[in-house]
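Subject: Structure handover

Hello,

Here is the structure that I am passing on to you. Please look through it first; my notes follow below.

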Amino acid sequence: MSVSTLDYPVEEASVDDVRLAAQAALDRAGLTEAELRDQARAGDFHSLSARLAWVIVSALDPAPNL
Amino acid sequence: MTQHPTFDLRAAASDFAAQLSSTLNKTVANGVRLSAVHVPTEETAYVGVGVSKHDLAPRTGFPLLRATGRPVVYMVVSYRLRADDERNYLMVQNSVVALALDQEMNRELLHVDYERDKADDYPEAHLQVAATSAEWEEVSPGRSLQRLHLPVGPRRFRPSLEDVIEFLAREGLSNHREDWRQVVDNGRRDFQRRQLRAAIRRHPDVAKDVLSELET
C-alpha cells in the first residue's frame, strides 16, 4: 500500500461520538449493550447488524452498569 | 510506549479507504467510495461505506455489478483499524465483509469475519454462510450453518477482500471488470507481503534460520 497523501478525506471523532454511534448501531440491531456482549461471549451473533455493531462496541469499555 | 514518529493512523486509514475503494471499483463495483473516521484519543480508525462520526457501522450495502440473469448482490465492509503494538504499521483489529441480496443486508448470503484476539474460543478469522440443508440440520440441530464458524486461516493467512472478490467473479455471482484478475492478484500479493513482514517481525529467529538455509 502506498504512502498516503491524505487526499482521501478522514473525519475526526471523539470518544463521545463513538459512544453515540455505538448506541445507534445497537438500536439498529435491536439489542442492548449487555445483550450484544452476551452474543459476543457466546460467539453467536444473531444478525449481521449485531456483528456490525460489535465492530464498534468491542472497542469500548463496558458500560458501568454491566 | 512512544508513538513511532513516522506512523500516522489518520493518513494510514485514508490510504486504506482509498485502496479498498480502488480495488472494488476496478473489479466488481462501480462508484464505491469508502470513508474513514479517525478517533485520535482512542488511537482507532473506522473504514466502511457511508461511515461518519455519527454512524460508524455501515447502514446499507453497496450494489455490485449485476451478473446477467442474476439478482443484484450487495456488499458491506466494515473495518476497525489501529497501529500495531510497535506503532509502526497499520493493523486491522476487527473486520466484516458481507454479501446479501438486499441493500439493507437483511437477506444475507455470507460474511467473512475477523476479530483479532477474540475473547471467545472461536477462530479469529471465520466464514459464516447463510444457508442450510437437511444434512446440516441433522448434524447441527437448532444451530444452523449460518451460526457455525468455519475457520479460514490463522491471522497471517486469513482471507482478504480480494478473496471475496475472486469468489464473486469466478462463480459468476456478480459481473466484473475485464482485468479484475490482475487487480485481485496485485492486491492479494500486497496483503500477503504485509502479513509475511509482520510474521518475520514476530519470529525473527525463524526468518534468520530460513535465510541461513538459503545462503548455504
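What radius of gyration would a compact globule with 216 residues have, and what does chain B have? A compact globule with 216 residues would have a radius of gyration near 17 Å, and chain B, at 19 Å, agrees with this. The radius is taken over C-alpha atoms, and the globule rule is 2.2 Å times the number of residues to the power 0.38.

Before the rest, two notes on conventions. This is a predicted model, in which local features need pLDDT of at least 70 and side-chain atom pairs count only at pLDDT 80 or more, while totals for chains, interfaces and linings use all residues. Residues are numbered from 1 along each chain as its sequence is written, and chains are lettered from A and ligands numbered from 1 in the order in which they are written.

Chain B

The C-alpha trace of chain B spans about 55 × 40 × 40 Å along its principal axes. Chain B holds five helices and eight strands, in the order α-β-β-β-β-β-β-β-α-β-α-α-α along the sequence. Helices (H or I, at least four residues) and strands (E, at least two) are DSSP runs, numbered from the N terminus.

Of its 216 residues, 37% count as buried. A residue is buried if 20 or more other C-beta atoms lie within 10 Å of its own, exposed if 12 or fewer, and partly exposed in between, with C-beta atoms placed from the backbone. Among contacts in chain B between residues at least 6 apart in sequence, 49% join residues at least 24 apart. Two residues are in contact if their C-beta atoms, placed from the backbone, lie within 7 Å.

Strand 5 of chain B and its partners

Strand 5 of chain B covers residues 90–100, and eight of its eleven residues are buried. Strand 5 of chain B pairs with strand 4 (residues 74–83) of chain B in the antiparallel sense, over ten bridges. Two strands pair if DSSP finds at least two bridges between them. In this pairing Tyr74(B) stands opposite Ala100(B). The two strands form a hairpin with six residues between them, and Arg87(B) in the turn has a positive phi of about 60°.

Strand 5 of chain B also pairs with strand 6 (residues 108–115) of chain B, again antiparallel, over seven bridges. Here Val96(B) is opposite Asp113(B).

Two loop residues of chain B

Most residues other than glycine have a negative phi. Met105(B) has a positive phi near 65° and lies in the loop between strand 5 and strand 6 of chain B. Is Met105(B) buried or exposed? Met105(B) counts as buried because 23 C-beta neighbours are inside 10 Å.

Glu43(B) has a positive phi near 50° and is found in the loop between strand 1 and strand 2 (44–49) of chain B. Glu43(B) is partly exposed, with 13 other C-beta atoms within 10 Å.

Chain A

Chain A has three helices and one strand, following the pattern β-α-α-α. Of its 66 residues, 38% count as buried. Residues 24 or more positions apart account for 50% of the contacts in chain A with a separation of 6 or more.

How do helix 2 and helix 3 of chain A lie to each other, and at what angle do their axes cross? Their axes come within 10 Å and cross at roughly 100°, and the two helices are therefore roughly perpendicular. Axes are lines fitted to C-alpha atoms, for helices over the stretch in contact, and angles run from 0 to 180 degrees between N-to-C directions. Angles under 35 degrees count as roughly parallel, over 145 as roughly antiparallel, 65 to 115 as roughly perpendicular and the rest as oblique. Among the residues of helix 2 of chain A that meet helix 3 of chain A are Leu36(A) and Ala40(A), and helix 3 of chain A brings residues including Trp54(A) and Val57(A).

Where the chains meet

The contact takes 30 residues from chain A and 39 residues from chain B. On the side of chain A, helix 1 gives the most, with seven residues. Strand 1 of chain A also pairs with strand 1 (residues 34–39) of chain B, in the parallel sense and over three bridges. The bridge partner of Val10(A) there is Ala36(B).

Regards
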